[in-house]
Amino acid sequence: GEDREGSPVGYYPAGKFDFRGLLHSVKPSVILKRHCQFAETAMKKCREQSERFGRQIEGIVLVIDMEGFSVHSHLWKPAIDAITESFAFVEANYPEILKHVVVVNAPKLFPVIYGIVKPFLSERTRQRIEVYNRNWESALLKYVAPDELVQHYGGTRCDSTGDPTCKEHICYGGTVPKHLYASECGVVSGMASDVKQVTVARGSCHLVDVEVSIAGSIISWEYKTTSHDISFGLYFKGQ
């Protein structure tokens, strides 16, 4: 679809993407290449719209849907690294590609996510971002006419099968089947070189002290269990 000024509209259902499964199946460079492909496709569409309307169209309206967001998947450190690398790459190579960004179904933890990617965004891009956890339909309709906006997001547009989510044109992701996991691309090879292996006996615990000297620091951790489940917690100990 296109917005009310002829700019292309793109949809990125990030909340439904299984980043943990993806990074067990492919290398981070593959995800970066996919985002590069998305940007190149958007640029091509802008050129086509420019020729169609006889005026310059340089950016797209991007709808980022966070429905389905999972701390387990999206705030996993390898996923954060892959996402921030992609944001940095797009900002450096396609600085004008984003005309407006509308984030819908934003979870309560969205400020944490935004705080992670914000350093990789220019001030210009930050000013173009709008975030909504509910009642976002009117915001989208401000930029996109109903017949151009996917019905699932408050418009009237469906695909040729009548699907209101337009799955013919939008990839909504989903869980990556474990039989597609590739061990050489997975979490073990992607973990830091100083990973330690410990055995936690039944009824016991393992403590890791982390000294934080800079206010506002982000603490992330990564662990993998070979058998059974394990619970974890984060405790603050003052001076």
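Author: Helices (H or I, at least four residues) and strands (E, at least two) are DSSP runs, numbered from the N terminus. The model is predicted: local features need pLDDT of at least 70 and side-chain atom pairs pLDDT 80 or more, while totals for chains, interfaces and linings use all residues. Residues are numbered from 1 along each chain as its sequence is written, and side-chain values use heavy atoms, without hydrogens or water.

Reader: What makes H2 stand out in the lining of the second largest pocket?

Author: A pocket is an open set of points on a 1 Å grid over the protein atoms alone, where a 1.4 Å probe fits, with protein on both sides within 12 Å along at least five of seven lines; lining residues have an atom within 4 Å of a point. By that rule 37 residues line this pocket, and H2 gives the largest share, 13 residues.

Reader: How do you know that the span of H4 is close to the expected one?

Author: The expected span is 1.5 Å times one less than the number of residues. H4 (77-93) has 17 residues and reaches 24 Å from its first C-alpha to its last, close to the 24 Å expected.

Reader: What makes the largest nonpolar core a core?

Author: Such a core is a set of buried Ala, Val, Leu, Ile, Met, Phe, Trp, Tyr and Cys residues joined through side-chain atoms within 4.5 Å. The largest has 19 residues, including Ile60, Met66 and Phe110. Another core, of 16 residues, lies apart from it, with Tyr11 and Cys166 among them.

Terms used
Buried < 20%, exposed > 50% of the residue type's maximum accessible area, 1.4 Å probe, protein only.
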